[in-house]
Amino acid sequence: MNQKVTEQPSRYNDLEKMSIKELLGSINKEDQTVPVAVEAALSQIEGLVDAIVDRMLSGGRLFYIGAGTSGRLGILDASEIPPTYGMPPGVVIGVIAGGNKAITTPVENAEDDEEQGWNDLKEHSVSEKDVVVGVAASGTTPYVIGALKHCQANNIVTGSISCNPDADISKVADHPVEVIVGPEFVTGSTRMKSGTAQKLVLNMISTTVMIQMGRVEGNRMVNMQLTNDKLIDRGTRMIMDRTGITDYEKAKQLLLEKGSVKLAIDAISAL
């Protein structure tokens, strides 16, 4: 078996002998290659997003499932959907090997259990209405691959995000995405370029899906949750910009009364 690209030796050596300036410059140089690698996978990402939008517009949900850094990135993306786009919790769900403890603390051997991923998905009553996206930089994580195998056996649409060509996970994904970023700056440290690539792809997927589902108007997050003063101020100014209201306090009061920018604007439009 050929060595995985993600495990190949770094292009740099003697890192401990580098100055801080040299380290930062070298890491930045490597990071600049990541968006180019993502661009090369855009058609794959498009196919996955098409499938997700189709299912979610029909009432389905989106699951991300992963282990370690990949699992944490999926949970991060999922957790930001309700406050950013006002979607109910439980529409986009992140599942990680080892459960919630693994978000902050490594759980020994959790990613090696090929059956546990499917068991974790079943706790959310996953069904053929949903889409399950496996996130695994190496593309070989048993926890994730096992989950996707079970999904396919149960007619659940699957996708994957990995950073190795012809990855094992791609073989069990209906819509595989492979972003080949090359060797890491620190050999094998896939929290670096691979993690950055996965974060970029997850951002693209969830943002595009939410726009397609009508959660953005113009270029504004009109359904965001009003969870702090900054967001209330942002929402107030959106209302003023969209409706012509010039009284800040009046716009703010309307926003708080209606609960979202969209509902406030719709109320004004209905007058």
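Helices here are DSSP runs of H or I with at least four residues, numbered from the N terminus. The model is predicted, so local features need pLDDT of at least 70 and side-chain atom pairs count only at pLDDT 80 or more, while totals for chains, interfaces and linings use all residues. Residues are numbered from 1 along each chain as its sequence is written, and side-chain values use heavy atoms, with hydrogens and water left out.

Start by selecting residues 248-258, helix H10. Show Asp 247, which caps the N-terminal end of H10: one of its side-chain oxygens sits 3.0 Å from the backbone nitrogen of Glu 249. Now go just past H10 to Gly 259, where phi is positive, at about 95°.

Next, colour Ala 251, Leu 254 and Leu 255, which are buried in H10 (under 20% relative accessible area, 1.4 Å probe, protein chains only). These residues lie on the same side of H10 because they cover an arc of only 100° around the axis, taken from the directions from the helix axis to the C-beta atoms. Then turn to the face pointing away from the buried side, where Glu 249, Lys 250, Gln 253 and Glu 257 are exposed (over 50%).

Finally, select Ala 67, Ser 70, Glu 111, Ala 137 and Thr 190, the closest to the centre of the largest pocket among its 15 lining residues. Helix H4 (residues 68-79) gives the largest share of that lining, 3 residues.

Conventions:
Helices (H or I, at least four residues) and strands (E, at least two) are DSSP runs, numbered from the N terminus. A polar contact is a pair of N or O atoms within 3.5 Å; within protein, one must be able to donate a hydrogen and the other to accept it, and residues adjacent in sequence count only if both atoms are side-chain atoms. On a 1 Å grid over the protein atoms alone, a cavity is a set of points where a 1.4 Å probe fits but cannot get out, and a pocket is an open set with protein on both sides within 12 Å along at least five of seven lines; lining residues have an atom within 4 Å of a point.
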